[in-house]
Number of protein chains: 4
Amino acid sequence: MPIVSEEHKRKKKRQILIGALTCFAKKGYEVATIDDIVRYSGVSKGAIYNYFKKKEDIYVELFNLITKESFDQIIEQLKRLNSSFDKIHSLFDFYLEENPSSLNLNESTIVQLEFQLSSSRNADLMKILDGMYKKANLEIVIQVLVEGIQAGEIKKEINTEIYAEIFLSFIDGLYLQKLLFPDIPFKDVINEQKLSFIHSIKK
Amino acid sequence: MPIVSEEHKRKKKRQILIGALTCFAKKGYEVATIDDIVRYSGVSKGAIYNYFKKKEDIYVELFNLITKESFDQIIEQLKRLNSSFDKIHSLFDFYLEENPSSLNLNESTIVQLEFQLSSSRNADLMKILDGMYKKANLEIVIQVLVEGIQAGEIKKEINTEIYAEIFLSFIDGLYLQKLLFPDIPFKDVINEQKLSFIHSIKK
Amino acid sequence: MPIVSEEHKRKKKRQILIGALTCFAKKGYEVATIDDIVRYSGVSKGAIYNYFKKKEDIYVELFNLITKESFDQIIEQLKRLNSSFDKIHSLFDFYLEENPSSLNLNESTIVQLEFQLSSSRNADLMKILDGMYKKANLEIVIQVLVEGIQAGEIKKEINTEIYAEIFLSFIDGLYLQKLLFPDIPFKDVINEQKLSFIHSIKK
Amino acid sequence: MPIVSEEHKRKKKRQILIGALTCFAKKGYEVATIDDIVRYSGVSKGAIYNYFKKKEDIYVELFNLITKESFDQIIEQLKRLNSSFDKIHSLFDFYLEENPSSLNLNESTIVQLEFQLSSSRNADLMKILDGMYKKANLEIVIQVLVEGIQAGEIKKEINTEIYAEIFLSFIDGLYLQKLLFPDIPFKDVINEQKLSFIHSIKK
DNA sequence: CATGAATGAGACTTCATTCAT
DNA sequence: CATGAATGAAGTCTCATTCAT
């Protein structure tokens, strides 16, 4: 099989990462074993170590993948909208609806949450998260708010960073709540907060 | 008749739990070892196993302890206040300020977050969390809102559960954000969201 | 069993080292496994790691032990002799006769040879060997020669370091030859070289 | 008829062996990996396994190669000399000077030493070494001594085998010492031993 | 023949738990 | 009850060897 295309390599890596996603989501990074990933990805142990030098690297690359894919999707989604408020609606909705990514949203979410926790204890992970996350999340929201101000739709007095933080805190927290209490009517919770949020920033 | 007093036992258990709190906060439940707890608590390994049957039991009891102490404190704090809005202010502030508990707040917070994540993967933990957490958090907020409605300070149309969820999601998320970006002006973020929140429910 | 005497600990360590000696001698450091050492020492895997942080540490401590024991024995043996030539005879004989140490001489020899080879490839090992070996071997021989000069038995023109090197090279090489060709009459080889050596340095 | 010429095969094999020589010298047989050999030889892993059935075979053939080349060189060198003492001088000098072989002497030396150690633990290797080494080394020295006796230059009472052993022990040991203490003035050590040796056998 | 991706046995090491003292 | 040495299952990772292309 050797002398294999770059394409093949990328596919194999993705196959491993998707297997790892399920494992890490189900059991958590520490508890999930390489053998679990072997089982879920269908890739042999040796092959996994051809693509990743150590378990942690799988974790990091998986986080990058998840973040990048959701980032791309948000960007795509926002491009199609004009009004800032539509965009804000869209942001609120984004994180909580199934989307067409090949990555399972629930799995991605829990892995992302755990990665964030891990990062708070590990300087190396933190650096990665800092680079990825800030761009991928904080900046997007700030950008939407800034555009809204420029378009005269949003009050210019508001501190965009603070409102972006409010938004992200709410979303992150909602993820957690959803994990814990799957039965709560999250749609309604989102809608109420959405209104509240928009009301606070609307001109 | 026990050979050592119940009092002594309780003290020893607490000593272990406080050591464990630091360990779990610093490294996470899976990575922290019993030997770490030995080091941090000053209690020998054998003794630890006299008080707890397994590592997980330490985790569960620690979570109970943290939850109970913060619960007691909140209740205490709320009792001293009359207006519903004062209580809501107080709730917002509670989680983010140092408080007089013997338990370190930052440590408690990260352990609680991790426990919640663990719960979402482990039915046994989930049952414990379900019992504790709902009471200790959701119900408190709902209770404050209900009292506010009865006192005529808060709109009676609002769905108290939804607003309690909004509150908790925001707080949980803020915890995470704080772990990740310790430099952000959280006081301001809280104040803005506080205003937003109160505005939405005020009569 | 805990709260155990230092004596007990030293014994256990020695038990492990003696097991390791056999394993390393039989298979070589790289090929011998921790499980081999478990089998030969009768000490469980976990216990071994209570006494040694890693496999290499066993190797190093074993080398130290072998070196120290043979050093002590040589010193003891030399102390009982007066004439320099008796001492030189004794040195030649020392390495090739069974001695009363609890350590098997053949095993010790091959482990020492391998350790020397390893050292030439590993700076850390080299440092250890440099400290131990030089003192333990080169210095002893030089000392005997210097005393012989002072006593007027040995020519004062000779370079003691060079003759010590000749002696050690011969002995080291003889070890190797003995491993390879156990049937050769080593006693005779030693005797001839002994005469030759003494002749060269005798006043 | 073979698809590639025997000549090509021999060249490729030699290329692999020379790469392996560097690897085994640098890291030792056990620690050096096939991938190391791939890197150093520039021959792909699959190709290596076309020419050698297993790693050990590379080791054995490498040892054969080294031994044969040095054997040929010594023979060549000795042929040009007449006096037995010149030959003995030449033998002493041979092992410690750079020579025109394509094989690096230092690398060859350490690989040879390690191979000898390995042999003492492995009957298969021992058989190979027994065949090669005895011819290549012991016999050469004996032959020179015998010729010296016949030529009336060397005492006829000496046991040639014993003196050959003395010579080889000294050389082997000197190799080891050189690895361990590269700074020692080996030229002087050799010269002294040379004189000693010749003095003992001279008529 | 050449290539290098794939395989999995097996190495080292850690750590929750037990138990002799 | 307290202690910490002992245990061994189980995890991560390496690497000789195979084999599809």
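Ring pairs join A:Phe24, A:Tyr29, A:Tyr59, A:Phe63 and A:Phe115 into a cluster. Rings of Phe, Tyr and Trp (its six-membered ring) pair if their centres lie within 6.5 Å; planes under 30 degrees apart count as stacked, over 60 as edge-to-face and the rest as tilted. This is a predicted model, where local features need pLDDT of at least 70, side-chain atom pairs count only at pLDDT 80 or more, and totals for chains, interfaces and linings use all residues. Residues are numbered from 1 along each chain as its sequence is written, chains are lettered from A and ligands numbered from 1 in the order in which they are written, and side-chain values use heavy atoms, with hydrogens and water left out.

Now count the ring pairs. Over all chains there are 40 aromatic pairs. Take one of them: the ring centres of A:Phe24 and A:Tyr59 are 5.4 Å apart and the planes stand at 80°, so this pair is edge-to-face. It links distant parts of the chain. A:Phe24 belongs to helix H1 (residues 6–27) of chain A, A:Tyr59 to helix H4 (residues 55–79) of chain A, and 35 residues separate them. Helices (H or I, at least four residues) and strands (E, at least two) are DSSP runs, numbered from the N terminus. Both A:Phe24 and A:Tyr59 are buried. Buried means under 20% relative accessible area, exposed over 50%, partly exposed in between (1.4 Å probe, protein chains only).

B:Phe92 lies in helix H5 (residues 84–94) of chain B and B:Phe167 in helix H8 (residues 160–180) of chain B, 75 residues apart. B:Phe92 and B:Phe167 are buried.

A ring can also face a charge. The rule: NZ of Lys or CZ of Arg is within 6 Å of the ring centre and within 35 degrees of the ring normal. A:Lys202 lies over the face of A:Phe85, 5.8 Å from the ring centre. In chain C, the charged end of C:Lys202 is 5.7 Å from the centre of the C:Phe85 ring.
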